[in-house]
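Keep the viewer open and click along as you read.

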Amino acid sequence: MAAGGNDNTGGGGGPGATCGVTGSLDYSIDFRDKSILPKDEFAIQDQVVARWPAAALYNWSKIVSRSIDAGWNPSFILALWIEESGAQGEPGYTDALGCDPKHPTKDIDKSLTCVFNSFKDTSGFEDLMCLYGGDGFHKAPCTFNMENPNFPGGVKDWYLKLAGGITNGSKDSNSCLPSQPGDWPTEGTVYQGPKGASDHARLYDQGLEAIDIANASGPPVYTSFDGVANAHGCITEYGDCGVHYGNFVDVVSNNGAFTVRYGHLSQFSISDGQSVKAGDQIGIMGSTGASTGTHLHWEFRGIKMEPPNIPQAIEPFNCDNDLGPSCGNPSSVIRGSPSQPGV
C-alpha cells in the first residue's frame with residue numbers, strides 16, 4: 001500500500017478505555033453498497049484542500065461514477081483515496097489508492113481498476129482491511145494498529161464525514177470510546193461553542209463539535225486522551241500561518257475511533273507521530289491561523305463533546321470575539337475541575 005497521508009492511527013485508548021487495539025475493528029462499512037453517496041461534498045472538499053492544497057479534486061466525480069458502475073460504495077472509495085494519497089495531494093505519494101505497492105500508479109483510472117478487480121471476491125470488511133493493509137495477505141483477524149504501518153487507519157474518519165455515519169450492520173461508532181472523562185486541555189474562558197457560535201455551528205453541521213478557550217497569558221495545552229499525535233506546522237500545512245487552524249495537533253485515539261484537534265498553537269511540545277498519554281503537554285496556546293486573539297480551538301471528531309467525554313457539559317455560547325455584557329456569563333475551564341459558569 002502506498003505511503004499516502006499521515007492519518008495512520010495507533011494504539012493508546014483514552015483513560016480506562018477497554019477496546020482492543022488488535023484482532024478486530026470496532027466498525028464495519030458496507031463497501032459494496034453503491035447507493036451510499038457522499039454528503040456535504042463541497043464542505044468536505046474544502047477540508048481536503050485545506051490539508052492538501054494540491055488535491056486532485058477534478059477526479060472526485062470520476063471516482064463516484066466509476067465506483068457506482070463497478071458496484072462499490074463511492075463514499076468508501078473516496079475515503080480510501082483521501083486517506084491513501086491525500087486525494088493525490090500528498091507530496092511524494094506513489095499510488096492514488098494504494099492498491100498495488102509493487103506496481104504503483106498515479107493514474108486514477110488504473111488505480112480504481114486495481115481496487116475493483118483485485119478485491120472483487122472479498123466479502124467481509126475486516127478481510128478487505130487485512131488484505132489492503134498487506135498484513136500477510138490473510139483473512140481477519142489481523143493487526144489494526146501502528147504495528148502494521150500500511151493499514152489505512154484514517155478511512156473511518158473520512159468515511160464518517162462522507163457518509164454521515166457508519167452503516168449497514170456495523171458496530172456502534174461509540175463502542176470504542178474512553179470509559180473515563182478526559183480533563184480540560186488548558187485553562188481559560190470559553191467564548192465560542194460547542195454548537196451556538198457562528199463559526200462553530202458550521203462545524204456542528206459537519207458532525208464535528210468544538211469550543212474556543214481564550215487566555216491572553218498563553219498557557220500550556222495538554223492532551224485529554226491517550227493516542228498518537230499528528231503535528232501540523234502552519235507553513236508546511238498551508239504555506240501561511242495566517243489561515244485556517246495555524247499550528248495544530250490531531251491526537252488520534254482508540255485505533256481511529258475518534259480524533260481531538262488542538263488548533264492555533266504558538267508552538268509544539270511533541271513530534272509528529274509521537275504516542276502521547278492523557279495529560280502530556282503537546283504545545284502552547286497561541287494565535288496562529290485564522291485567529292484574532294490567543295486561544296485554543298478544541299475540536300472533537302467522532303466523539304461527542306459532552307459528559308462523560310468531558311468533565312462537565314458546556315452550554316452553547318457565542319461571543320464571536322466580543323466578551324462584553326451581551327455575551328452573558330461565559331464558562332471558565334480549569335484543569336482538574338469542572339467548568340464554572342460565570343467565573
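## A threonine in a loop

Let's start with Thr223, which sits in the loop between strand S3 (220–222) and strand S4 (227–232). Strands here are DSSP runs of E with at least two residues, helices are runs of H or I with at least four, and both are numbered from the N terminus. Thr223 has 2% relative accessibility, so it counts as buried (buried is under 20% relative accessible area, exposed is over 50%, and partly exposed is in between, using a 1.4 Å probe and protein chains only). A word on the source: this is a predicted model, where local features need pLDDT of at least 70, side-chain atom pairs count only at pLDDT 80 or more, and totals for chains, interfaces and linings use all residues. Residues are numbered from 1 along each chain as its sequence is written, and side-chain values use heavy atoms, with hydrogens and water left out.

What does the side chain of Thr223 make a polar contact with? One partner is the side chain of Tyr262, at 3.4 Å. A polar atom of the Thr223 side chain also lies 2.9 Å from the backbone oxygen of Phe225. (A polar contact is a pair of N or O atoms within 3.5 Å; within protein, one must be able to donate a hydrogen and the other to accept it, and residues adjacent in sequence count only if both atoms are side-chain atoms.) Setting aside residues up to four places away in sequence, Thr223 touches Val251, Tyr262, Val276, Lys277, Ala278, Gly279, Asp280 and Ile282, where contact means heavy atoms within 4.5 Å.

Arg335 and Gly279 are 56 residues apart along the chain, yet their C-alpha atoms are separated by 9.7 Å. Leaving out neighbours within four places in sequence, Arg335 is in contact with Asp183, Trp184, Pro185, Thr186, Glu187, Tyr222 and Gly279. Arg335 is partly exposed, with a relative accessible area of 24%.

Ser253 is in strand S5 (residues 247–253) and counts as buried at 0% relative accessibility. The Ser253 side chain reaches the backbone oxygen of Asp226 at 2.5 Å.

## Helix H4 and its cover

Now over to helix H4 (residues 108–118), whose buried residues are Ile108, Ser111, Leu112, Cys114, Val115 and Phe116. Their cover includes helix H2 (60–70), helix H3 (74–85) and helix H5 (125–132). At the start of H4, a side-chain oxygen of Asp107 comes to within 2.9 Å of the backbone nitrogen of Asp109.

How do H2 and H4 line up? Their axes come within 11 Å and cross at roughly 30° (axes are lines fitted to C-alpha atoms, for helices over the stretch in contact, and angles run from 0 to 180 degrees between N-to-C directions). H2 and H4 are therefore roughly parallel to each other; angles under 35 degrees count as roughly parallel, over 145 as roughly antiparallel, 65 to 115 as roughly perpendicular and the rest as oblique. On the H2 side, Lys62, Ile63, Arg66, Ser67 and Ala70 meet Ile108, Asp109, Leu112, Thr113 and Phe116 of H4. That contact splits into five nonpolar, two polar and three charged residues (Ala, Val, Leu, Ile, Met, Phe, Trp, Tyr, Cys and Pro count as nonpolar, Asp, Glu, Lys and Arg as charged, and the others, Gly among them, as polar).

## H1 against H6

Helix H1 (residues 41–51) packs on helix H6 (residues 155–163) at an angle of about 150°, with the axes 9 Å apart. That makes H1 roughly antiparallel to H6. Ile44, Gln47 and Val48 of H1 make the contact with Trp158, Lys161 and Leu162 of H6. By type, these residues are four nonpolar, one polar and one charged.

## Two residues with positive phi

Most residues other than glycine have a negative phi. Asp40, in the segment before H1, has a positive phi of about 45° although it is not a glycine. Asp40 is partly exposed, with a relative accessible area of 49%. Ala87, in the loop between H3 and H4, also has a positive phi, of about 55°, but Ala87 is buried, with a relative accessible area of 0%.

## The whole chain

Zooming out, the chain has eight helices and 12 strands. Of its 343 residues, 54% count as buried. Among contacts between residues at least 6 apart in sequence, 69% join residues at least 24 apart.
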